[in-house]
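Dear colleague,

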Amino acid sequence: MTYRKFFSALLLAAALLCACAQREPAGEENPAGTPAPPAEQALLWGGLDWSEHLDLTYAQSFAVDFSPEGCAKIVIDQETYLLVPEDGQVPAELPEDVTVLRQPLDNIYLQATSAMDCFRRLDAIDAVTLSGTQAEGWYIPEARQAMEDGRMAYAGKYSAPDYELIKSKGCGLALTSTMIYHNPEVKEQLERLGIPVLVERSSYESHPLGRMEWIKLYGVLLGRRQEAEDYFAAQLERLEPILEQENTGRTVAFFSVTSNGSVTVRKSGDYIAKAIALAGGVYAFQELAEEENALSTINIQMETFYDQARDADVLIYNSAIEADLDTIEQLVDKSAPLADFKAVKSGDVWCTGKSMFQESQSVGDMMLDIHAIVSEENPAEGSLTYLHRLK
């Protein structure tokens with residue numbers, strides 16, 4: 001071999017050695033020569049797979065989708081929330097209008113009273129540490145007890161929160177009703193303090209079982225999805241027998257009398273009216289001309305109420321607005337023309353309990369109560385949950 005050929009071969013061998021060295025990782029971390037793991041890729045909002053959905057049967061005011069990374073995308077009306085697990089990664093390129101909620105949600109300021117019943121049914125009242133209602137305003141015993149024990153503190157009503165207290169408690173979520181839209185500066189201030197705000201809209205569900213199904217949303221938020229789905233399924237099973245029965249045809253008027261003598265009734269599209277129909281009754285105000293607004297109730301004059309409800313088979317007085325009643329005499333004292341009503345004469349007059357509207361999961365028991373009073377002449381004493389007969 002000539003010197004020139006020997007030198008060329010030497011250079012080629014050196015080049016091959018360098019190439020092999022570049023392909024293999026150096027150091028003792030990869031002694032077997034296996035490829036090093038690629039750098040962890042950033043989680044991107046646009047690349048998340050949302051193909052798993054929360055199954056909803058009746059609720060229409062919210063939707064939840066899940067990603068394999070354990071995140072949940074929650075849409076309520078026009079608001080979008082991203083629920084991230086405790087150790088999960090917040091995706092990059094997140095749109096500005098998406099509110100991040102970080103689990104565990106265990107320091108909640110709850111102003112939306114109707115949501116408390118969902119926390120109770122999921123055995124999660126202790127996740128609420130701040131209340132927008134004072135102890136005496138709670139008809140849910142567990143909530144009142146938590147405040148009396150000091151496990152839940154009053155942090156001001158929706159229009160005047162105690163920002164200093166809320167911030168000092170490390171609040172991870174302000175759960176409010178739509179009343180906060182009357183004070184948008186409150187929502188803005190909470191968000192400036194780094195406290196996400198979720199506006200509860202279960203009251204906008206027109207189907208009574210849609211309201212109950214909101215417990216599934218709270219199951220997702222609290223990491224108790226299966227418990228919530230099991231609870232809702234159990235309620236549907238309880239209601240199945242009455243939902244399958246034919247309507248009794250008996251008319252029902254649900255109302256209260258105001259201090260000025262007018263009468264407050266539910267609109268025909270309201271969930272109470274639909275609950276009456278599902279329970280086997282016929283709502284008495286199907287033909288009532290209704291005002292075009294978002295309210296679920298309408299005030300009418302006693303003359304109009306007299307014309308449309310005088311021959312109703314059953315009267316149910318709503319004590320949530322006015323004082324609770326025990327006797328028919330107390331009812332007639334509110335308005336003398338009520339003495340002429342068919343149901344008053346037959347003694348088919350009932351009254352709701354004060355806690356019914358604070359307990360959002362009461363709808364099923366209320367429907368069972370209504371079914372009993374329209375299908376049975378004398379429901380057994382103590383068999384009803386939210387209705388009692390006026391003496």
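Helix α9 covers residues 271-278 and helix α13 residues 363-375; they pack at about 50°, with axes 8 Å apart. Axes here are lines fitted to C-alpha atoms, for helices over the stretch in contact, and angles run from 0 to 180 degrees between N-to-C directions. The crossing of α9 past α13 is right-handed, that is, the near helix is turned clockwise from the far one by less than a right angle. Contact (heavy atoms within 4.5 Å) is made by Y271, I272, A275, I276 and L278 of α9 with V363, M366, M367 and I370 of α13. By class, this contact has nine nonpolar, no polar and no charged residues. Ala, Val, Leu, Ile, Met, Phe, Trp, Tyr, Cys and Pro count as nonpolar, Asp, Glu, Lys and Arg as charged, and the others, Gly among them, as polar.

The model is predicted: local features need pLDDT of at least 70, side-chain atom pairs count only at pLDDT 80 or more, and totals for chains, interfaces and linings use all residues. Residues are numbered from 1 along each chain as its sequence is written, and side-chain values use heavy atoms, with hydrogens and water left out. Helices (H or I, at least four residues) and strands (E, at least two) are DSSP runs, numbered from the N terminus.

At the N-terminal end, D270 caps α9, with a side-chain oxygen 3.0 Å from the backbone nitrogen of I272. Just after α9, G280 has a positive phi of about 110°.

Helix α13 also packs with α8 (residues 225-243), at about 25° and with axes 10 Å apart; the two are therefore roughly parallel. Their crossing is left-handed. R238, L239, I242 and L243 of α8 meet G364, D365, M367, L368 and H371 of α13, a set of five nonpolar, two polar and two charged residues.

Finally, I108 lies in strand β6 (residues 108-110) and is buried, at 2% relative accessible area. A174 is 66 residues away from I108 in sequence, yet 5.9 Å away C-alpha to C-alpha.

Yours sincerely

Terms used:
A polar contact is a pair of N or O atoms within 3.5 Å; within protein, one must be able to donate a hydrogen and the other to accept it, and residues adjacent in sequence count only if both atoms are side-chain atoms. Angles under 35 degrees count as roughly parallel, over 145 as roughly antiparallel, 65 to 115 as roughly perpendicular and the rest as oblique. Buried means under 20% relative accessible area, exposed over 50%, partly exposed in between (1.4 Å probe, protein chains only).
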